[in-house]
Amino acid sequence: MHPALTPVLSPAQVREAHRQLNSSGEVSAQLLGPVLARSWQRSAAAGLSPTARPAGAPHASSAQLRQALEQQRELLAHALPVMNFLHEQTQDSDGMLVLADPDGLLLHSLGDLQFMHRAERVALRPGANWHECWRGTNAVGTALVEAQPLVVHGGEHFLERNAFLTCAAAPIHDSQGRLLGALDLSGDHRGYHRHTLGLVRSAVRMIEHRLFETRHGDQLRLRLHSQPEGLSTLTESLLALSGDGWVTGANKAALALLGQPWQTLGGLPIEQLLEVSMDRLMASAQRAGGAPLRVQTVHGQALWLRIEPGQASLGTPAMVFAAQPAPIALPAPAPADELAALDTGDPTLHAVLARARRVLDKPIALLLQGESGAGKEVLARAVHRSGPRRAQAFVAVNCAALPESLIEAELFGYRPGAFTGASREGAPGRIREADGGVLFLDEIGDMPLAMQGRLLRVLQDRLVVPLGGGKPVAVDIQLICATHHALREQMRTGQFREDLYYRLNGLTLQLPPLRERQDLEALVQRMLQELAPGQDVQLSPELAQRFACYRWPGNLRQLANALRTACALMEPHETQITWAHLPDDLAEDLRACAPLRETAPAAVETAIDLRELAVRTVERALKESDGNLSEAARRLGISRNTLYRKLRAARSS
Ligand SMILES: Nc1ncnc2c1ncn2[C@@H]1O[C@H](COP(=O)(O)OP(=O)(O)OP(=O)(O)O)[C@@H](O)[C@H]1O
């Protein structure tokens with residue numbers, strides 16, 4: 001039996017375990033079982049005492065929680081509908097559902113109001129952190145550490161103050177085995193029910209299925225089950241394949257079925273797992289109706305298989321080969337990854353993404369430029385997740401958010417006692433944390449000059465020397481920097497070192513501001529699908545028009561926030577976003593922004609008129625800005641590059 005499914009301990013066993021811990025400091029694996037015993041040991045080692053309040057447990061401010069919610073928007077988009085569904089099924093049970101991120105930060109809860117009120121007393125609410133190191137053994141924290149579903153009941157909680165709870169939690173993983181968070185169902189310990197964990201595990205499967213379909217919707221997907229009627233149910237195994245037959249993702253059922261860990265799957269062609277050729281799979285995918293195939297694993301287990309061609313995989317070389325006797329070698333299609341997912345149809349952005357893809361596997365530093373909120377960090381993360389370093393760390397440092405006095409220690413690390421206030425253990429620093437992976441330096445234009453010199457040395461020598469001295473440590477990092485400043489301008493005025501600029505700028509990618517993008521409609525649609533999956537939420541036609549003519553000074557960040565608020569304000573039966581669902585300040589701005597065709601009817605008569613109008617507008621903006629190009633571009637709401645283009649065009653005509 002799965003250790004997590006063993007029955008909960010009797011009160012006498014728990015009392016005895018606590019007694020032993022009190023008297024000898026020992027944790028009895030015989031009494032508690034291996035999982036709980038390990039967790040109690042970790043809790044004691046973290047300095048927690050069963051009878052004390054958890055001292056120093058962090059609680060996110062509302063701004064920090066908002067930021068965490070934004071970072072976890074993919075998880076939330078898939079988990080919230082499942083939580084709502086589970087809540088409906090468990091409404092009479094006086095409990096609550098909790099979603100946590102991989103670090104134990106509680107992101108969202110819903111359930112019985114009275115019980116949630118009681119749970120508040122032990123900080124079981126969004127914003128609190130339930131990592132084991134802060135709250136001792138508890139279902140959320142322990143399921144995250146142990147990476148397995150489990151129940152923590154009553155006195156099995158390490159802290160006595162949590163003993164009124166019974167909690168069942170299961171970790172949530174994505175299709176590459178990354179831990180995304182945990183789902184928990186908590187209630188009063190007197191209401192313990194042994195089916196609770198099963199419910200939570202099913203809910204997590206639903207979330208993982210939804211994530212899988214979204215991540216791999218463009219790829220070939222294999223559904224596998226020992227019974228034909230088990231296909232397309234929650235118990236099926238799922239595999240995603242690249243166009244040439246390599247496994248790119250799997251759910252937990254597939255791992256169990258094939259006896260493989262996630263780590264090996266990425267490097268296996270399907271023929272090494274199943275006795276079936278890629279040609280046969282493709283031929284089956286093309287047959288109408290998609291009747292299941294009979295196949296067997298390489299170990300001889302018989303299975304039913306249904307193959308679903310993804311949009312991107314239709315027409316991949318393998319399909320063409322299967323259909324044509326004399327194959328024509330076609331270039332391999334771009335893999336459907338996070339970079340591809342950012343491409344929603346804007347030609348400028350498309351070119352940016354294509355350039356980024358060309359250097360994915362090369363040691364070339366990227367410099368991302370663009371206005372605040374234009375998606376620089378999102379692009380940096382997509383580059384990381386789509387490149388060969390995706391299994392290694394992505395370490396983001398915001399140079400503008402760190403006080404000057406701390407940047408050095410934060411980046412380069414320090415030795416024990418290197419400065420007043422330094423921790424006794426010292427710290428490796430963010431550059432070393434990124435070793436093997438990607439270091440993302442956001443707002444690099446705000447890095448103090450002295451620090452620029454040190455960073456340059458690290459980039460040249462690929463060695464980090466911690467503050468307070470010590471041996472230099474070799475590092476291997478891919479560097480991505482971002483700024484909304486015009487770095488060249490800063491270089492000219494001496495605020496940014498020229499030598500560092502050329503080190504950082506292996507390739508500059510300029511992200512277009514939202515108002516210059518031509519894919520607003522598709523972008524809104526994609527964001528809405530993520531925010532309200534499967535609900536077909538749309539903008540009202542009037543709002544769609546207003547959105548198109550608005551300048552979006554906060555770019556994608558502002559758009560994403562507006563849509564998130566709108567989705568939260570909609571009633572469950574509504575599918576159209578109207579004025580009533582918008583934040584007041586945005587509604588006010590949008591009302592003031594008249595759609596183009598209402599404002600300039602006469603002036604748009606001929607192309608010549610338009611050109612003249614553009615030239616006059618640019619001239620006026622330049623005059624009002626005393627010839628300052630940056631200021632003129634800002635007034636016009638366009639980038640400096642666009643302004644240059646317009647000036648060149650005006651001069652040539
Ligand atoms: N392609 C996208 N799809 C959906 N949402 C996006 C996308 N790009 C950006 N966003 C939204 O905009 C927010 C801001 O994006 P990001 O942090 O990448 O911008 P930025 O250019 O780095 O901003 P800043 O310069 O202020 O740091 C994201 O947290 C997300 O909510």
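A crossing is left-handed if the near helix is turned anticlockwise from the far one by less than a right angle, and right-handed if clockwise. Helices are DSSP runs (H or I, at least four residues), numbered from the N terminus. This is a predicted model, in which local features need pLDDT of at least 70 and side-chain atom pairs count only at pLDDT 80 or more, while totals for chains, interfaces and linings use all residues. Residues are numbered from 1 along each chain as its sequence is written, and side-chain values use heavy atoms, with hydrogens and water left out.

**Exercise 1.** Describe the packing of α17 and α19.

Step 1. Axes are lines fitted to C-alpha atoms, for helices over the stretch in contact, and angles run from 0 to 180 degrees between N-to-C directions. The axes of α17 (residues 404-412) and α19 (residues 449-461) lie 11 Å apart, at an angle of about 10°.

Step 2. Angles under 35 degrees count as roughly parallel, over 145 as roughly antiparallel, 65 to 115 as roughly perpendicular and the rest as oblique. α17 and α19 are therefore roughly parallel to each other, and their crossing is right-handed.

Step 3. In contact (heavy atoms within 4.5 Å), I407, E408 and F412 of α17 meet M451, R454, L455 and V458 of α19.

Step 4. Ala, Val, Leu, Ile, Met, Phe, Trp, Tyr, Cys and Pro count as nonpolar, Asp, Glu, Lys and Arg as charged, and the others, Gly among them, as polar.

**Exercise 2.** Describe the packing of α5 and α9.

Step 1. α5 (residues 73-89) packs against α9 (residues 196-216) at about 140°, and their axes are 9 Å apart.

Step 2. The two helices, α5 and α9, are therefore oblique to each other; their crossing is right-handed.

Step 3. The residues of the contact of α5 with α9 comprise 11 nonpolar, two polar and three charged.

**Exercise 3.** Describe the packing of α22 and α24.

Step 1. The axes of α22 (residues 520-531) and α24 (residues 555-569) come within 10 Å and cross at roughly 45°.

Step 2. α22 and α24 are therefore oblique to each other, and α22 passes α24 in a right-handed crossing.

Step 3. By class, the contact of α22 with α24 has 11 nonpolar, no polar and one charged residues.

**Exercise 4.** Which residues come nearest to the ligand, and what is the distance from R526 to a nitrogen atom of the ligand?

Step 1. Of the 19 residues around the ligand (a heavy atom within 4 Å), E70, S372, G373, K376 and V378 come nearest.

Step 2. A polar side-chain atom of R526 is 3.3 Å from a nitrogen atom of the ligand.

Key: Polar contact = N/O pair within 3.5 Å; in protein donor to acceptor, adjacent residues only side chain to side chain.
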